[in-house]
Amino acid sequence: MRFLSYLMSGLGLGSVYAIIALGYTMVYGIAKMLNFAHGDIIMIGAYVSFFALTRFGLPVLAAVPAAMAVCTVLGVLIERMAYKPLRQATSLSVLITAIGVSYFLQNAAQILWSSSTKVFPAVISNGALQLGELSISYLTLVTILTCVVVMVCLTLFINHTKTGSAMRACAEDKGAAMLMGINVNRIISLTFAIGSALAAIAAILLCASYPQVFPTLGSMPGIKAFTAAVFGGIGSIPGAFVGGLLLGIIEILSRAYISTQLSDAIVFGVLVVVLLIKPTGILGRKLSEKV
Amino acid sequence: MTKKKNLFQILVDDRHRARTISYTMVIAAYIIVEAMLRSGNLSNLFINLLVPVTCYMVAAIGLNLNVGVSGELNLGQAGFMAIGAFSGICLSGFFADTIPAVPRLMLAILFGALLTALMGFLIGIPVLKLQGDYLAIVTLAFGEIVKNLIMNLYVGFDRTGLKVSFVQQTFTLEEGGRILLNGPMGSTSTQKISTFTAGMILVIIALAIVYNLLYSRHGRAIMAARDNRIAAESVGISVSRTKMLAFVVSASLAGAAGVLYGLNYSTLIVSKFDFNTSILILVYVVLGGLGNINGTLIATVILFLLPEMLRSLQAYRMLIYAVILILIMLITNNQSLRAGLQSLRNRGKKDE
Amino acid sequence: MKKFFSKLLAAGVCTVMAVSLAACGGSGSSDSKPAETAAVEEEESTAIVIGCSGPLTGDAATYGVAVQNGANMAVDELNEKGGIQFKFVMEDDVNDAEKAVSAYGSLKDQGMQISLLTVTSTPAAAIAPTYQEEKTFALTPSASSPSVTFHDGVNQVDPFGNIFQMCFSDPGQGQGSAAYIATHPELGTKVAIIYKNDDNYSTGIYDTFKAQAAQDNLEIVYEGAFSGTANDFTVQLQAAQDKGADLVFLPIYYQPASLILNQANAMGYAPTFFGVDGMDGILTLEGFDTSLAEGVYLLTPFNADGQDDLTRTFTARYKMHYNETPNQFAADAYDCIFALAQACEAAGITNDMSNEEICQKLVEQFKTMEFTGLTGTGMVWDENGVVNKVPHAMVIKNGSYVGVDD
């Protein structure tokens, strides 16, 4: 029973990772870049929803779209200003730019909102669902549910809409997509918009579980979610989902049953092992070598 | 067939020009700094930056071999620095009373470099089976694993010898014993034996190693493997062996840099060598130009000093640093600017 | 392309090197110029320069900023009052040993005569030997580890001699807490400890707490560690609950503590929580539901809600200037400046004395003087630089601290 309750909290944590990982994986799939500033978009989302909930007294259901709107605008803005001029540049140049953006957002947040920690208000009531002996907190339930809904919507969008197939085309071959009359720049902007909106949702879920808001809030979940995306196979949407959930479960279980001190080593150790067995992640596509 | 060249021609020879510039630059910088140091013209701020900047230079030269020359994105260079730093600290602490400072520093650097080379080899076996971004994430993972493991390592010694424990400190030390590495708290009261001169010598050694490797058969094999893996394999180059060579040399240079760094501070915690430090070194390498050793040296010096020179801006300095980073990337990758440079270059060629 | 770049480099190399060297050289520095001219001006106005480094950016910035604010406020008040004039300079060290060493260089370039050392313990331990070698007096507001005042912090032998602490030292707090819990069995008899194992402060208290607990036959049923910016404590709390712990000792700062209180509450686990001075600040955490902290015990020297005149005026002025409620870091820094002022006044320190002379006189003063400030009354220092002030147990009731009578 104890095991099941750890499993549930692992799933809860994993759901948050999964939503963040979706942002990484979509951007990677389409723009072929590692967006290291993604974690800091989460941080901005957390601050926006914090202010919406406390200073402006908005209800949760209004704070979510507010945070999503701000993050979307910010994501697109960053893409236009910092990444778009680098379309032709090497992937390392883009990586460094993303790191620059990440530093910028963190330090801007510190100057704007001070470095002192703020406590995120409780957004979901503290109760728990009793299933026999097992009790699952509403928060965990909401988190897992949100993740599933996001996942389903995204899959439907990608597979069954015109824009979705345009995105898939871009991910496959940008040059060919352009020849087919797809506006590649618009698609990339849209990807950033969706990824950033997801980051805002992740921010609220993250802060609901761990109610603290501070300028470097996004870095660790960012790295973990990036790991999750690679774990599942970067570029693959179901991969990010599976990778996120697995990473959350492994993290909680290793902390519970092995060692709280060594959990990071175990999480990354499992990642190494998985990549050795499946070099492109659990659901990743096989790399084809072009001669 | 090429004619035989005299020494001067070899030095100014195109192929070796980068190397000549490197050595001249480092030696000139050393002489200038040393002269200023002796005449008391250096600010205290700058004096304290001399050793760390040489550490980062060595680590960055190593990383450039890995990222620039061999073409594998490595996000775990700080992990190798950590291995070097703490092995060096332990060795130096253990022999603190028996070996004088200078030979002890040399011994520690040698030991740290060899140990990291070995670790680099062991880590390289799984890592180099992967490619591209997957390889990058595994180096990140190893960096984090190394950090996490050292964080749980306790090392002490007394009359009866060296004592080591893991996760919990289980040993007790006799009277006169000293704890060298105290788990997450890192090392304390380390003797500071690193010097700027030692750092600069290490930079020269690192340059010599990397240039000799680059201009050798192995170096060309490494670059061939980077540019086209399959073509390289088809002409009989063992890609995995050449990549491993670059990886191990890069790791051991980071280890040597780590030793120098660790012995420059009386306390050091493992979390210093986290992902951010790896990224910091990567930024030096990318901004200096992939495969361009001189660029790496200059970029390291400038980017390391930049936040220090912006100190008067206080909280705004890292914001400015970030903006400068982004702007450099945008400007150096600007298409029209590049075209301009290209035409300049072409004109220069015609003149020759 | 390569050829062109190497040419460009050849031309650029010397320029760049020369520029970066010149920029950092003592005389031609564009960056240290304002500081130097400022120092010249101060020389005329005979102000004594007090330096300090602390995290102004990064994860721990909140502590550094609080110290900077508290110290600046104290200096302004003292300078307004007349008497010895002070100038306070603060440098960023990002809570990192490397940056603390370069910050020290920068402080020296700005003519630092007396120091508040650093805000946090790790950089403090890295820079303390340098202060001893260069004979500059230091009184740290908040670096509480014994490795700040002793060469061998683990065994607390071989003190630096010129480094003093304003805050409680960690061992004092650990011992005090264990002794208090042992003599108050009504709080709880089965103790769980959750501590941060990569933090000097937390492990320092943890170690001495354990030693004292063993002496007092206090039963410790669970010890859980975390490191870095961990934010999930359900595993540790679950284990503590399973082991039947009815008191959880939290030798950590208030930010993770607030998460622990929150997660314990969500689990329905309600032992007595016992914190140390790092717990102070939890009530003023923006957005924190103070009802969660109801019944939490802590040892703290400073309480922003305190009703004495000194605290009330300090809190009001701090809020006015910085729009935040002061925490113990600000209060400690404020006290440091006033204690230094008192000592300088008594020893007749002037700004034309050498650092060594100032250091010698201040060490003598601090060994004998008594100081009363925001964080304690009748504080005295021993010859090792450790402050002697009695930690007071407080309990949180109705969202504010209430003293517990022994």
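Start by selecting residues 153–158 of chain B: that's strand β1, which pairs with β2(B) in the antiparallel sense over 6 bridges. (Strands are DSSP runs of E, at least two residues long, helices are DSSP runs of H or I, at least four residues long, and both are numbered from the N terminus; two strands pair if DSSP finds at least two bridges between them.) Click on B:V155 and you'll find B:V164 of β2(B) standing opposite.

A quick word on what you're looking at: this is a predicted model, where local features need pLDDT of at least 70, side-chain atom pairs count only at pLDDT 80 or more, and totals for chains, interfaces and linings use all residues. Residues are numbered from 1 along each chain as its sequence is written, while chains are lettered from A and ligands numbered from 1 in the order in which they are written.

Now widen the selection. Which strands form the open sheet in chain B, and in what order? There are 3 strands, in the order β2-β1-β3, with antiparallel pairing. The edges are β2 (161–166) and β3 (178–182), each pairing on one side only. From one strand to the next, the twist averages 15°. (Axes are lines fitted to C-alpha atoms, for helices over the stretch in contact, and angles run from 0 to 180 degrees between N-to-C directions.)

Next, show chains A and B together. Their contact takes 35 residues from chain B and 39 residues from chain A; here, two residues are in contact if their C-beta atoms, placed from the backbone, lie within 7 Å. On chain B's side, α6 (132–150), α11 (275–288) and α13 (317–332) each supply at least two residues.

Last stop: chain C. Colour domain 1 (33–168 + 326–388) and domain 2 (171–300) separately; such bounds come from an automatic or database domain assignment. Their centres, taken over C-alpha atoms, are 30 Å apart, and 10 residues of domain 1 are in contact with 12 residues of domain 2.

Finally, pick β10 (residues 247–250) and β11 (residues 272–275) of chain C, which pair in the parallel sense over 4 bridges. C:V248 stands opposite C:F273 there. Beyond that, 2 bridges join β11(C) to the parallel strand β12 (residues 297–299), where C:L298 is the bridge partner of C:G275.
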